[in-house]
Amino acid sequence: MASVIYPTTNFTATEQLCITHGEGIYVYDDTGKEYIEGLAGLWCTSLGYSNTEVVEAITEQLNRLPFQHTFGGKTHAPVMQLAEKLKAMVPVEDAYFFFGNSGSDANDSHYKMLRYYFNAIGKPQKRKIITRERGYHGVTVAAGSLTSLPANLAHFDAPLEALSILRADAPHYYTGRQGNETEAQFVERILQNLEDQILAEDPETIAAMIVEPITGASGVIVPPEGYYEGLQALLRKHDILIWADEVICGFGRTGADFGCTTMGIKPDLMTFAKQLSSAYFPISASVIPGWMYKAMVDQTNEVGVFGHGYTYSGHPAACAAALKTLEIYERDKIFDHAAEVGAYMQAQLREIFTDHPLVGEVRGKGLIAALELVSNKTTGATIAGGKGGAAAVKACQDAGLILRAVAGNALAFCPPLIITKAEVDEMLKRTKAGVDTAYEALK
Ligand code: PLP
């Protein structure tokens, strides 16, 4: 175990897998055993494990200029090129980019930019942020408070009260429906709950609502038809900004450039990390519209420095990694590939698992999916203590497939975007073996 404090880990668990190298969608442990990385690491290694082009771009940049900060009056070519490249891609009007190192710090940066902006335009009371139950937005102090998963809040005295965070219903019909409610009725009810909450809080005190277009760590929730249409109308009506956390969905994961495109969202703010650089070098981006940036510029005219920045904001090697990754996405039509192979993976998952006795729901879009493991297929009753997810992950690992169980018993899939249909077949063959074994073990 060494003297490492491992993240998101039960410290008493003694089993660890030590990974030594990777190739394509495969990784290998220190005994030489091969695994398909079915979760692309942590939803991030979009180009797989042996992309030498990205490695070379990073190396070249490190040889030329291994570090240059971007504080007060300093810049370098890769950071400017990356901003221009992203500006041409994102669905945010006249976008500006604040670069960081992780999805968490990017969400914290947004949090602070929203405060800075509303203070600048003389609306300091517009400070509350709406997040959703089961949402995951990271673990730093602000992002961790926006996250709604119990383990990320409990024992940390989170959420911090001063952050003024409100929580809306999770848009998951399968686990959230009441009685015989239809999907449309479910959507109507949770949007009505939200409007009641907004009115009770006073819309003038609410700055933004953060949403993952399709969620990841909360169990791959694909909100029902009509949800985002209704949500956006509601937020626009009350002058609340829409903040899309694209840390998982961004860059092809859902079978389009962004999760916002797939789900029909017109965002004001966006958060990127992970697949921005295929995780070969840490980098994140907090995207804001030009009108918001303009107000922040006016504010610095008045008060001086915009006092937020990380040593590694716009790190040259990270920018080089992102630039090369984006070039490969475009050149190799990776998003189209993800759409095609993703549709195949979704169809195959449904074909193989819809009737499986351990599976209550198969859900997902593009190359992100989950199987909801249940103790009773008819009622959808959950398996206590996340034991279904844990058993399936262990059995899949034995069968040569790395997956993650999230939100208890949701067995999540998020393979590298370069996966082929034949590799999807192999991944699902190993999944079937693992889920069958788990079913027998849980009986
Ligand atoms: N937002 C979403 C949607 C995520 O899934 C994650 C991480 O999984 C984060 C934010 C936090 O990113 P990081 O772990 O890079 O801080």
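Reader: In β10, which residue is the bridge partner of Phe 272?
Author: This is a predicted model, in which local features need pLDDT of at least 70 and side-chain atom pairs count only at pLDDT 80 or more, while totals for chains, interfaces and linings use all residues. Residues are numbered from 1 along each chain as its sequence is written. Strand β10 (residues 284-288) runs antiparallel to β9, to which 3 bridges join it; strands (E, at least two residues) and helices (H or I, at least four) are DSSP runs numbered from the N terminus. In β10, the bridge partner of Phe 272 is Ala 285.

Reader: Which element of the protein has the lowest mean pLDDT?
Author: The mean pLDDT of the protein is 97, and 100% of its residues reach 70 or more; pLDDT is the predictor's confidence in each residue, from 0 to 100. For the complex, the predictor gives an ipTM of 0.99 and a pTM of 0.98. Among the elements, strand β9 (residues 269-272) has the highest mean, 99, whereas the lowest, 91, belongs to helix α6 (residues 150-153).

Reader: Which strands are the edges of the sheet of 7 strands?
Author: This open sheet has the order β4-β10-β9-β8-β7-β5-β6 with mixed pairing, where two strands pair if DSSP finds at least two bridges between them. Its neighbouring strands are turned by 20 degrees against each other on average, direction ignored. The strands that pair on one side only are β4 (96-100) and β6 (165-168).

Reader: Which helix gives the most residues to the shell around the ligand?
Author: The ligand is surrounded by 15 residues, the closest being Ser 102, Gly 103, Ser 104, Gly 138 and Val 247; a residue is near a molecule if its C-beta atom, placed from the backbone, lies within 6 Å of it. By class, the shell holds 6 nonpolar, 7 polar and 2 charged residues. Here Ala, Val, Leu, Ile, Met, Phe, Trp, Tyr, Cys and Pro count as nonpolar, Asp, Glu, Lys and Arg as charged, and the others, Gly among them, as polar. With 3 residues, the helix that gives the most is α4 (residues 103-120).

Reader: Are α14 and α15 parallel or oblique to each other?
Author: Helix α14 (residues 387-398) and helix α15 (residues 421-442) have axes that come within 8 Å and cross at roughly 130 degrees; axes are lines fitted to C-alpha atoms, for helices over the stretch in contact, and angles run from 0 to 180 degrees between N-to-C directions. Angles under 35 degrees count as roughly parallel, over 145 as roughly antiparallel, 65 to 115 as roughly perpendicular and the rest as oblique. The two helices, α14 and α15, are therefore oblique.

Reader: Is the crossing of α13 and α15 left-handed or right-handed?
Author: Helix α13 (residues 334-353) packs with α15 at an angle of about 30 degrees, with the axes 10 Å apart. That makes α13 roughly parallel to α15. A crossing is left-handed if the near helix is turned anticlockwise from the far one by less than a right angle, and right-handed if clockwise. The crossing of α13 and α15 is right-handed.

Reader: In which loop does Pro 159 lie?
Author: The peptide bond from Ala 158 to Pro 159 is cis, with omega near 0 degrees. Pro 159 lies in the loop between α6 and β6.
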